[in-house]
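Have the viewer open as you read.

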Amino acid sequence: MAHAAAGGGKGAGGPSSNEAVRVVVRIRPMSSGEIKEGRRPACFANAERAEVKIANPKADKEESKVFTFDSTYGDEATQKQIYDITASPIVESVLQGFNGTIFAYGQTGAGKSHTMEGMVDPPEQRGIIPNSFKHIFEAIQGNRSQTKQFLARASYLEIYNEEIRDLLSKDPTNKLDLKENADHEVYVRDLTTIVLKSASEMDAVLQAGKKNRMTGATLMNQQSSRSHAVFTITVETSEVGPDGETHIRVGKLNLVDLAGSERQSKTGATGQRLKEATKINLSLTALGNVISALVDGKSTHVPYRDSKLTRLLQDSLGGNTKTVMIANCG
């Protein structure tokens, strides 16, 4: 999906102002188990050319395939590099009152959770989500004044088998409905929203929601996430203008950890797991079609209604919003 959505290579220097959707690729290091089994790397990133080269380790004479993206990162890329180049510009635009979305896409075990969350300790191993929390509240503290005030609130939901569940609810098994108001804005009815005053409070909300997230074992990863998780941060800025009137701007940041995308034959999925995998792949295909239509520039129709995920994120994809898809590869 990621390759279908990629435009021409823009180099690794970060997004230009007119790019609404960017696709970047991150290749994880080989695991100790893979090294022990004598495996050889097959994917190579060229950050300067924003290319990924895929070679066949079993056929050295076979010509490698090369794909171009907006940015590419090899196994030597640091969490800070990923955040500063890929995510930081989107968080900045949210603070200015725009909507933005950051997706982590890839097969189970390819490094999505490491990219999005990372590890608490050491601090340099923290991922995009905790770094965005820190970024937002440092900006709020640095810009608050008598004439400018901020309000940050968060919600956390999952989409499992095309059903929406509130991860912050007392009963996260309840299915919530997707609704549209008179202004054609899509929202989730009865979704819990929590007002937050610090990055640590925001992290506590994330950890509480994670405990309720639907996970299931597959052959590829014993902690495989079987749902799309959407953590949404809304930042409202109230400022008194030169006219003496109060002006309010609202920006929304969606941090999306997509369910693992893999072939059923590799995961050994049967029964309920097979049903989950089918729904996941249909949802990911719908997302790929939306992103392809957005970057195409010629499409007159963007199929937002093909899945709950794309419908929910409709106001944060395309238009004057900013979106980045981080495709993680093993």
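## Where two helices touch

Which residues in helix 3 meet which residues in helix 5? Ile 82, Tyr 83, Ala 87, Ser 88, Val 91, Glu 92 and Leu 95 in helix 3 meet Ile 128, Asn 131, Ser 132, His 135, Ile 136 and Ala 139 in helix 5 (contact means heavy atoms within 4.5 Å). By class, the contact of helix 3 with helix 5 has eight nonpolar residues, four polar and one charged.

This is a predicted model, where local features need pLDDT of at least 70 and side-chain atom pairs 80 or more, while totals for chains, interfaces and linings use all residues. Numbering starts from 1 along each chain as its sequence is written, and side-chain values use heavy atoms, without hydrogens and water.

## How the helices cross

The axes of helix 3 (residues 79-95) and helix 5 (residues 128-143) lie 10 Å apart, at an angle of about 45 degrees. Helix 3 passes helix 5 in a right-handed crossing (the near helix is turned clockwise from the far one by less than a right angle).

## The second largest pocket

Now to the second largest pocket, with about 540 Å³ of space (on a 1 Å grid, an open set of points where a 1.4 Å probe fits, with protein on both sides within 12 Å along at least five of seven lines; lining residues have an atom within 4 Å of a point). Its lining has 22 residues, and Val 186, Tyr 187, Thr 232, Thr 234 and Lys 252 are the closest to its centre. Strand 7 gives the largest share of this lining, four residues.

Definitions and conventions. Grid points are joined across faces, edges and corners, and a volume is the space filled by probe spheres set on the points. Axes are lines fitted to C-alpha atoms, for helices over the stretch in contact, and angles run from 0 to 180 degrees between N-to-C directions. Ala, Val, Leu, Ile, Met, Phe, Trp, Tyr, Cys and Pro count as nonpolar, Asp, Glu, Lys and Arg as charged, and the others, Gly among them, as polar.
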